[in-house]
Amino acid sequence: MTSSLSVDALPHVDPSLLKGIIAPARTALLLIDVQVDFVSPDGVIGMAGVDMSGINSAIDKMETLRAVAKVQGAAVAFVRVVTREETDSSALKNLYARRGRPGQHAICRADEPGSDYYRLFPEDGDIEIEKVLFDGFHGTDLEEQLRAREIDTVLVAGVTTDCCVDQTARSAFHRNFNVIVVSDACAAYEDALHAGGLLALEKNCALLADTKSVLSAWSGISDEA
């Protein structure tokens, strides 16, 4: 059933309502894990031969969202994985070992190119968050930085829909933030995981909106994003 699920068929919030929901002064755009190891042809995933076409399309949307967010005065937060041997999760190491893939947890290592940003880079005034696992709030000060800016709403974009986007969006909801996932500005390595991840989020803790609707709500842009 999930394999034939179309993202376009998923319930998206009425675009006419978005303007009141994502007022820039209280909204932050979260950009999740746009890093070499996850999205570049030269990263760990790309070198394994994974098709990155869907990922690149999502990054195109993220670039547009980020540019308009800056113009409109919305906060922008970059959230990325940075791992070190001393902070590696024993549960994650055990999970991979028990799957017969020991060592595969070692990705986005600190001071190695794989942990670097890719195509999108923080600018002055942006929030930067380093995490060690999937959830952008766990063990970080992301919530405190958002609260300090009087943010109550987050637009979530990034990779992957079924993993770090999902867990960060759920964690934001549990912390009483209003959550909107930008459906075409996030991606997974499989279409079924992308669509299924969006479906689960929409059913439980988030609204879905596409980039065009967000841009229209923020700045009256109606052209194709």
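This is a predicted model: local features need pLDDT of at least 70, side-chain atom pairs count only at pLDDT 80 or more; totals for chains, interfaces and linings use all residues.
View 1. Contact means heavy atoms within 4.5 Å; helices (H or I, at least four residues) and strands (E, at least two) are DSSP runs, numbered from the N terminus.

**View 2. Helix α8 (residues 191-204) lies across β5 (178-187) and β6.** The helix runs at about 170° to β5, with axes fitted to C-alpha atoms, for helices over the stretch in contact, and angles from 0 to 180 degrees between N-to-C directions.

**View 3. Six strands form an open sheet with parallel pairing, in the order β3-β2-β1-β4-β5-β6.** Two strands pair if DSSP finds at least two bridges between them. At the edges stand β3 (127-131) and β6 (207-209), each with a single partner strand, so one side of each has no neighbour in the sheet. Neighbouring strands are turned by 25° against each other on average, direction ignored.

**View 4. Strand β2 (residues 75-81) runs parallel to β3 and is joined to it by five bridges.** Arg 80 has Glu 130 in β3 as its bridge partner.

Residues are numbered from 1 along each chain as its sequence is written. Local features need pLDDT of at least 70, side-chain atom pairs count only at pLDDT 80 or more, and totals for chains, interfaces and linings use all residues, while side-chain values use heavy atoms, without hydrogens and water.
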